[in-house]
Number of protein chains: 2
Amino acid sequence: MAKDKKLVEAITSMEDDFAQWYTDVVKKADLIDYTSVKGCMVFKPAGYALWENIQKELDKRFKATGVQNVYLPMFIPESLLEKEKDHVEGFAPEVAWVTQGGLEPLQEKMCVRPTSETLFCDFYAKDIQSYRDLPKLYNQWCSVVRWEKETRPFLRSREFLWQEGHTAHATAKEAQERTEMMLNLYADFCEEVLAMPVIRGRKTDKEKFAGAEATYTIEALMHDGKALQSGTSHNFGDGFAKAFGIQYTDKDNKLQYVHQTSWGMTTRLIGAIIMVHGDNSGLVLPPKIAPVQVMIIPIAQHKEGVLDKAYELKGRLADFSVKVDDSEKSPGWKFSEAEMRGIPVRIELGPKDIEANQAVIVRRDTREKIVVSLDEIEAKVAETLETMQKDMYERAKAHREAHTYIAKNYDEFKDIVANKPGFVKAMWCGDEACELKIKEDTTATSRCMPFKQEHISDKCVCCGKPAKAMVYWGKAY
Amino acid sequence: MAKDKKLVEAITSMEDDFAQWYTDVVKKADLIDYTSVKGCMVFKPAGYALWENIQKELDKRFKATGVQNVYLPMFIPESLLEKEKDHVEGFAPEVAWVTQGGLEPLQEKMCVRPTSETLFCDFYAKDIQSYRDLPKLYNQWCSVVRWEKETRPFLRSREFLWQEGHTAHATAKEAQERTEMMLNLYADFCEEVLAMPVIRGRKTDKEKFAGAEATYTIEALMHDGKALQSGTSHNFGDGFAKAFGIQYTDKDNKLQYVHQTSWGMTTRLIGAIIMVHGDNSGLVLPPKIAPVQVMIIPIAQHKEGVLDKAYELKGRLADFSVKVDDSEKSPGWKFSEAEMRGIPVRIELGPKDIEANQAVIVRRDTREKIVVSLDEIEAKVAETLETMQKDMYERAKAHREAHTYIAKNYDEFKDIVANKPGFVKAMWCGDEACELKIKEDTTATSRCMPFKQEHISDKCVCCGKPAKAMVYWGKAY
């Protein structure tokens, strides 16, 4: 039992030091490892399997809306990156440059893609000729590089995995519809699959993507009261089309510029799962995204028939992702390990259970134990996973609601940001100067102007001038 | 009809110019596009969908043998690349170097991975401590970069997509077993799914992977009689383990070096599919890998009920991947297009067919047309796809056998290589000097020493000294 304890004690409690708790979970749940390459990490099997499940589910949802996958080069020649003015200003300071290929210096240096708008535009300029070629609904799964100074596993690293969708449309209206469709797809995915409630809204101009006309975002609240931008969808209007000359002939044989969007989700989502659902025993995975949903832990496995029965049970639970932990560790150690790794349900099965034709089901989130007849175990496991998924969402939503505050004036605002971790809803005049002042005074930033607007007051919380929108503010990752 | 013809006429015939035929197919079947990034290409939806299907099938087979997916950084610091002497000599001349990150020069330059042995070794050195940690059976799906001077779509490009498996074992025996297991897995995949027969064997020392103790390969014969190395599996022994210090404590508490393997398959396979099965009307896809297996082409689709019936038929064929081409093109154009894209089966359905409760099924490979009652169309489509898959394999195998020659002496050898495109089986003394001489005299290289050895003569075909092995020779991509 000493050993069992050690595994648990090795995690810092989240109340003591949330950042250290996070790092501990990431490491102890075997999600990542650090590498000799500064700012880059290894996705270990448990971490990568989460990404595979995210990919599978998102990819299915993308394809259902007509999206097709493609793959574009990882390199961008400097001249291509520079074609759209705002875009290059936003990204050039943080890219990695390749200057030598083989034994010779390159004539033109190339960066490793930090995002692929410029490559897609270069491609679309050739690929799109006529209105018949539209819309183009392309997506790619790849890794991108941004030369960050400070890095944290999943949340900010020099290389990360993501998908980037890039679409081209005949009209501004279609582009706007696609931008919102993908944002809603992201939000639904987070809520239905990751059990993570999100606020849907629009970024202020200050916070929008380099080169975009408008950026939409989903914002989630982490357990420590900080916000995490969890997915973004951008409407580019025809800005990139003009910079890259992407034109099509319409039905009246006139040349028109296309309207474009892009949208992305990244391995950051794994950080969000950890920080929304985790507890002081480690990771807690929503059943719908868990690579292993059920861990069967045999008790007294050396006794005759126990392991056979455990594997028989696994066979009966073929609708779920199930493993049997038949390693040589003690049951207590196995319990801790399954908890640390966030496996939604564990089933304890020993000689006495077998004799009584029963097993013990333990939920990871509530630790509730129920004794179940082996005759009805398939239904009980299904029910437990379903209830857990629902409860995790409700719990996260209740947490967010309990940590969402309203500020009617600047004193209230500053007080909340200083003392109550969470979202602050407050009115804003639309002036970037107020965003900058708020950030300087409090370190909070505007997270988004939610689609669901509320009227809190007539005046900007910062300057007192007439308000234009209600904004969610918060400290963010 | 003029337009329909044009689409087909645009392909060079393979008898006139195989290389140009290949380039035409790749472009006209909409698999790739060229880019502003020299030597790199865009995988368009039809090309990427092939890779997705290859991935899905291989990944399933890997996982069935206990392999887990991970993801390691794309960058390798120079000092890490240099740790294994043969390996760095093999790869350093053809890597892309990153020398600047953000606005500052890097203290140590890094290359973009050409392959990840060094990264996996660096990781394993930390991750492996005890015999309990073994075996490690990891794989990653990613892109790699090799700064090639001459490039060709799918066959040789500066960036390509692949999977690389990297395993670590307690014993030399286990490593050898895994090396062969993965080679056989690759071979079975090629034969069962891609309908592409392969020769399984071992590379000579001259042709083996930089740093490997032994390299195993599968070699396929293309339609033009050239060989294509289609997958490789390497046994590293403990060479990398010693260079990187990867040791574990065995059951007797003694420190031991691990034994390692690596194995990979790449987007080259798409080139192989094209060159093994394609014809002068374009691509011919084996049913088991085709992203679209059946294209329903309505005839006189403006007439009442035709499109409804076509979509009803699609619904009934839900076990397959089916599309209805309801675009405004003429049926003849649609036929040519479906042929160009290699869609295994097309179904023609017009008002007269509907009246007669029938449809016309056309096989892509033989162009055989059969009229089928709509009552039994599911079974007929299934049967046609199955037969086509089998026939394509048999046809490719017959082609290979018809283009495999035996050379008993050097005159015969030179004559065959000069005049009969294909494989040449001939004996070899084991001396690299003979390989070099043969390459210089004929441009043929040793493809592999097949597992299935045959005794052709006692003497090396080149020098006449005692022979050690029968070797497959050929000109190669």
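Biologist: Which strands does helix α13 (residues 377-402) of chain A lie across, and at about what angle does the helix run to β18(A)?

Modeller: Helix α13(A) lies across β15, β17, β18 (358-363) and β19 of chain A, and runs at about 10 degrees to β18(A), the angle being taken, from 0 to 180 degrees, between N-to-C directions of lines fitted to C-alpha atoms, for helices over the stretch in contact, that is, with heavy atoms within 4.5 Å. The model is predicted, so that local features need pLDDT of at least 70 and side-chain atom pairs pLDDT 80 or more, whereas totals for chains, interfaces and linings use all residues. Residues are numbered from 1 along each chain as written, chains are lettered from A and ligands numbered from 1 in the order written, and side-chain values use heavy atoms, without hydrogens and water. Helix α10 (residues 306-316) of chain A lies across β15, β16 and β17 of chain A, at about 165 degrees to β15(A).

Biologist: In what order do the five strands of that open sheet in chain A stand?

Modeller: Strands of a sheet pair through backbone hydrogen bonds, either parallel or antiparallel. Here the order is β16-β15-β17-β18-β19 (chain A), with mixed pairing, where a pair requires at least two DSSP bridges, and where DSSP runs define strands (E, at least two residues) and helices (H or I, at least four). At the edges stand β16 (322-324) and β19 (369-373) of chain A, each pairing on one side only, and the twist from one strand to the next averages 25 degrees. Strand β15 (residues 294-298) of chain A pairs in the parallel sense with β17 (residues 345-349) of chain A over five bridges, with V294(A) opposite V345(A).

Biologist: How much area do chain A and chain B bury between them?

Modeller: The size of an interface is often given as the accessible area lost when the parts come together. Chain A and chain B bury about 4400 Å², 60% of it on carbon and sulfur atoms (1.4 Å probe, summed over both parts), and the contact takes 51 residues from each of chain A and chain B.

Biologist: How many salt bridges cross this interface?

Modeller: The rule (a Lys or Arg side-chain nitrogen within 4 Å of an Asp or Glu carboxyl oxygen) finds six between chain A and chain B, among them D33(A) with K126(B), at 3.5 Å from N to O. On the side of chain A that touches chain B, strand β5 (residues 96-101) of chain A gives the most, with six residues. β5(A) pairs with strand β5 (residues 96-101) of chain B in the antiparallel sense over five bridges, and W97(A) has Q100(B) as its bridge partner.

Note on methods
Buried area = accessible area lost by both parts, 1.4 Å probe.
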